[in-house]
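Try each one before reading its solution.

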Amino acid sequence: MRTKIALALGGVLMVVALVMVFIVVPTEATMGNIQRIFYFHVPVAWNAFFSFGVTFGFSIAYLKTRNPKYDFIAESSARIGIVFTTLILLTGMIWAKPIWGVWWTWDARLTSSFVMWLVYIAYFIVRSFITEEERRYRFGSIIGILGFLSVPIVAISIQLAPTTHPKAMIFNDGLHGTMLATLLISIFAMFVVYFLFVFLQYDNCKDAYEIAQLKKKLLKESE
Amino acid sequence: MKTFWKAAFAIAKKDILLELRSKEIISSVLLFAVLTLVIFHFAFTADHETMTQIAPGMLWVAFSFSGILSLNRAFIPEKEDNCMEGLLSCPVGREAIYMGKCLGSFIFMLIVEAVVIPVCAMLFNVDVFNPMIIFITLLATIGFVSVGIIFSALSVNTRAREMVLPILFLPIIVPIIICAVSSSSAILAGGTFEDIKQFLLIIVAFDVIFFTVPLMIFKYVVEE
């Protein structure tokens, strides 16, 4: 039921966001059409941080309670976080090529997103190396906690060097009314899409867990 | 508190004694670290000015790679003959075990650094053997080791063992490497303490966060 609600709401919001981005919102004066990627780039970035934050919170919850459901949420959220981080990097590169002239620079925000991406890929690789379920959840939670703590420190340590990444304009009235509205709708649409994916992924994890439990039970009975 | 430190020192002493008797790891890690510098020489044959610019980076690549090699070994001996079970059944907190392991590996890294820094200074004729750079290295090694130990304990309990430590450890210590390299470069370029204060603050913050949090969650790594 919740999946269907998220699907319906996410679908409608996505269509509205696309109409806003490509038809309603005015073209930015200096950058031109390429600036429209901003309405996609910023929402995925916010939601990527949010999803790793969720992983962090539910990793702590798992270690405290040992309820496998919390690990399913942490894992699902991290998976969507990786998808979003990949999209941050890709949309950022597509924007950077015409504006900066290069696909990539080792700028603070770019580097910290990239490192974040690597940390959570390691999270999944390490999980896949552990066959025993309980240990996989436990170690996953530990990496989920330590990985999330590293992200802000990377950002701060590179921040000491001058950055060329555009500053966040949303908090200092730098955005035109329609642009702000478009951005907020895009963020909200992406937020609902995040929940949709997490719900789907969570059900996947739970089903896989239940199948594994049934297999174990059958094996025991047949012995 | 007193028993905590006593236990931690006892574990560190055990690790060091074990290493002193076999000398297996220290000799290969030292050789590996020096070999890294040799490879660097062939990879970047450059003039003195360029060498001064890249020397801190070379040092930290050598420390990171040899650190991975030695940190990987921090828990492998405990896996043999159920030593880990023996260690865990000691009437001391898990925090003391973490602290002891960190101390042991910290001393180990200090030995590696004590060899690599002067060798680098001699081979490449750069002034890295300098009190400020040694201070930066010491400060950065604390965070380096405390992250390494928790991931080392985690990786020996996985199927792939040696593979797991570098992929977890390297991305997390990125801030340490950035700050240590940038501040050492600033010193080599004639900077003063004022110039590198911000980098040192980040290293200290990293040390504090990545020592206390692993100390708190180490017990979840070694339980079974």
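A polar contact is a pair of N or O atoms within 3.5 Å; within protein, one must be able to donate a hydrogen and the other to accept it, and residues adjacent in sequence count only if both atoms are side-chain atoms. This is a predicted model, where local features need pLDDT of at least 70, side-chain atom pairs count only at pLDDT 80 or more, and totals for chains, interfaces and linings use all residues. Residues are numbered from 1 along each chain as its sequence is written, chains are lettered from A and ligands numbered from 1 in the order in which they are written, and side-chain values use heavy atoms, leaving out hydrogens and water.

**Exercise 1.** Work out the polar side of the interface between chain B and chain A.

- Start with the polar contacts: there are seven residue pairs, both partners at pLDDT 80 or more.
- Next come the salt bridges (a side-chain nitrogen of Lys or Arg within 4 Å of a carboxyl oxygen of Asp or Glu). The rule finds two across this interface.
- Glu223(B) and Arg66(A) form a salt bridge, with N to O at 2.6 Å.

**Exercise 2.** Classify the ring pair Tyr120(A) and Tyr123(A).

- Recall the rule: rings of Phe, Tyr and Trp (its six-membered ring) pair if their centres lie within 6.5 Å; planes under 30 degrees apart are stacked, over 60 edge-to-face, the rest tilted.
- Here the centres are 6.1 Å apart and the planes sit at 55°, so the pair is tilted.

**Exercise 3.** Do likewise for Phe40(B) and Phe44(B).

- With 5.7 Å centre to centre and 20° between the planes, this pair is stacked.
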